[in-house]
Amino acid sequence: AKKTKSSPRTKITDDPVKNFDKWKRKYNKTKKRVKLVQKTTKKRDWEVERGNIQNKLDYLHVNKFTYVFLILMMLLIMPSGLLEAQYRQPTEIQRQTIGFALQGRDVLGAAKTGSGKTLAFLIPVLECLYREQWTSMDGLGALIISPTRELAYQTFEVLRKVGKNHEFSAGLVIGGKDLKDESEKIHRTNIIICTPGRLLQHMDETATFHASDLHMLVLDEADRILDMGFADTLNAIIENLPKTRQTLLFSATQTKSVKDLARLSLKNPEYVWVHEQAKFSTPATLEQNYMVCELHQKVNMLFSFLRSHLKKKIIVFFACCKEVQYLFRVFCRLRPGISVLALHGKQQQMKRVEVYNDFVRKTSAVLFATDIAARGLDFPAVNWVLQFDCPEDANTYIHRVGRTARYKEGGEALLVLLASEEKGMIAQLQKKKVPINKIEVNPEKLVFVQQKLEAFLAQEKEQKERAQRCFVSYLRSVYLMKNKDVFDVFQLKLPEYAMSLGLAVAPRVRFLNKAQQQKSGVTQDNSGTAGHESEDDLKSFKAQLKGEQSKSQSSQSEEEEDDDEDENKDEETLKPAALLCGFNEEDEDDQKDQDLLTVKRKDVFNINEESQDDEAKNQKQKESKFKDAKKIQKKNFRVNTKKIFTEEGEVVQQWPPLQKTVVPDEEEEETSGINVEAAKERLRKEDQEFDKIEYRRKIKEKHRKKGDDDDNDDDDDDEEEEAVAYLSGADEEFDPSTLPDPDKVDSSEDDDSDDEVQQTQVGKKKPRKESTVTPLDTGLSLAEDEELVLHLLGSHS
Ligand SMILES: Nc1ncnc2c1ncn2[C@@H]1O[C@H](COP(=O)(O)OP(=O)(O)OP(=O)(O)O)[C@@H](O)[C@H]1O
């Protein structure tokens, strides 16, 4: 056999060239095969190193975690080219927590803002899943919960960078995104970064999603997620998670509440508070000052501040969305010389991301924001944080100022306080080890913008309404603050504040009046109708306010969690705010809240009638309706009176509607003589019934008009849906706009949205419609028809 095998070889050797070619082909083939085998079996460098570390981890002491960390950093970061991102040395919180986390311990990590807590939990998340050889088939392995969408988005981006070489699937699950699309992918996702509301929504609604194999739960900004605003949502989420999981909690203001921690069923957690012994709780590179400024000077102060910091990157924090909305618009028009951006919870998700990215990119700009931007956001190179409104508490202060002076960088913070807030707030800050100095405003440097704002408001009605909402919303936020040592709404000078926003008259805030009455023990007798409010009414009113507040807090909410921007839920989150600070337009749904707020309608909204400017032209139709109505009132004209006759020949007035008795006739027969009391009662009932019907009609009419306006309003997206208003009830003055518009009576009859009350009471809609739909065919020519009609009319009169 050997011979037969060798014979061909000998044959080949006969032709050396052919022989060499054949040998070369064979050699190349073998070389290729070897290379292929080598390629498939050879581990990448970082994989080899990971193997080594894994072996070493078992015997390394916790104190040696610097070493572990450095190697981990090399494994995770260097291969992805992130050395450029300056992750060369671990920060203190990373050094101290990663070791415990890798040992599988539950960790409570606390360190100053900007100290690198994000990597302190992302590295263990990746490492843990890697060790478990997690694949997409294994489903959810790690869950990271953030209080705001922006923070979740930011964490997701960091994870994408540091986990570049891993094959895990990661998903961002936040409100405002396509729920269906998320539902289809979520069961294949290994690491989810989410906001609580949206996660719970998937737990409830997405059949394929389950978290029963979860290994690691991370709460970023843990104290915020554990606070009252998220309580129910978080409890529901935790119920769906396995008890065997590992839990990591991180925040710059970590909770120590045993009650909070018990909810999470932590197992012998390791508490790592890096800066516990530090002299201050804020970064050493942060310079902090506060100034006392009168409420009505704040806008001037802000404008002056921006004018003198044109080349800086600044974040300005406000108390509520409506303040941001209004002041953002007017500041854009004031053109301070620096680009102005706004970020708040009532923006659509796309807009929020756009603003976020825009501000990240810009080197000089000012961002007007609510507290949705207060926690965790890592905007690069922010020079200044200005707190236009006093923060809710010292923790909120610490997070807000933490948006600057991050990771060894410097920064400055300025807190603007009212005189009434100074003592209480500064005491809180001192208690929390915040070093802050008082500085004075230089009155000579103040630029006054009030007149310009007045001019803007005169030109644009919408702007004026925004200013009014801003006014009420700010007062509401102050009123609802828990700490009454700091926040006292009754100390605020309302007329001056309104004027500083460009308003000529302060809108009346009814809940304040009531609270004031209660405070001073004064009761008001309205001689009849509404009477004075009882203690109980007031209590339930306050409870209602508080209820709304806790709802809205759940997202600081106007804000934070607001996971529910998907159309349906969005309304829910908008509602509380709308209930409490609506204006100018009436809405049926708000009837129950009409006692909460109201405005001096005449004083506030008729200002522009005197200034006959362009707006008058735009509003021509509405104005003419008003004027006509007023004229009619003065001259005592009766408009559009229409009479028809019954078959018996009785005259029936159809328009304007007559006030009909609501008391059954029998009653009249029963009584003999004149019963004054009964008559009074009857009249009162009649009045009530008529008022009710008339009131409902007015609301529906306005509601319909608003709908029309909204359809035409292209500029304002969903933000403008907040506009809701209240009619004052019994003490309401006559509104001429409720009279029929002489120019529109005909057209309005064709409007399908006309309400039932009007139809039944006025009884004019049906007959008119019928007559136009089926005209009487007389068999005569048009001219003859006309003649006949004239004749008939002549004989009637
Ligand atoms: N080891 C490191 N080396 C260099 N830079 C780092 C390191 N770790 C984190 N950083 C950078 O420090 C900055 C702040 O980090 P991070 O956002 O994690 O802070 P934080 O402690 O979570 O702050 P906050 O309390 O405000 O949420 C980021 O820009 C991050 O890239």
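Predicted model: local features only at pLDDT ≥ 70, side-chain atom pairs only at ≥ 80, totals over all residues.
If we take the contacts with a separation of 6 or more, 77% of them are between residues 24 or more positions apart.

Let me turn to strand 2, which is covered on both faces, with Ala 142 and Ile 144 buried on one side and Leu 143 and Ile 145 buried on the other. Strand 2 runs parallel to strand 4 and is joined to strand 4 by four bridges, and within that pairing Ile 144 has Ile 193 as its bridge partner. Strand 2 also pairs with strand 5, residues 216–220, again in the parallel sense and over four bridges, and here Leu 143 stands opposite Leu 217.

Strand 2 and strand 4 come up again when we look at helix 9, because both are among the elements against which the buried residues of that helix pack. Helix 9 covers residues 196–205 and is mostly covered, with seven of its 10 residues buried, and these include Arg 198, Gln 201 and His 202 as well as Leu 199 and Leu 200. Other packing partners of helix 9 include strand 3, helix 8 and helix 11.

Finally, in helix 13, residues 298–307, the buried residues are Val 299, Met 301, Leu 302, Phe 303, Phe 305 and Leu 306.

Technical notes
Residues numbered from 1 in each chain as written. Contact = placed C-beta atoms within 7 Å. Buried ≥ 20, exposed ≤ 12 C-beta atoms within 10 Å, placed from the backbone. Helix = DSSP H or I, 4+ residues; strand = E, 2+ residues; numbered from the N terminus. Pairing = 2+ DSSP bridges.
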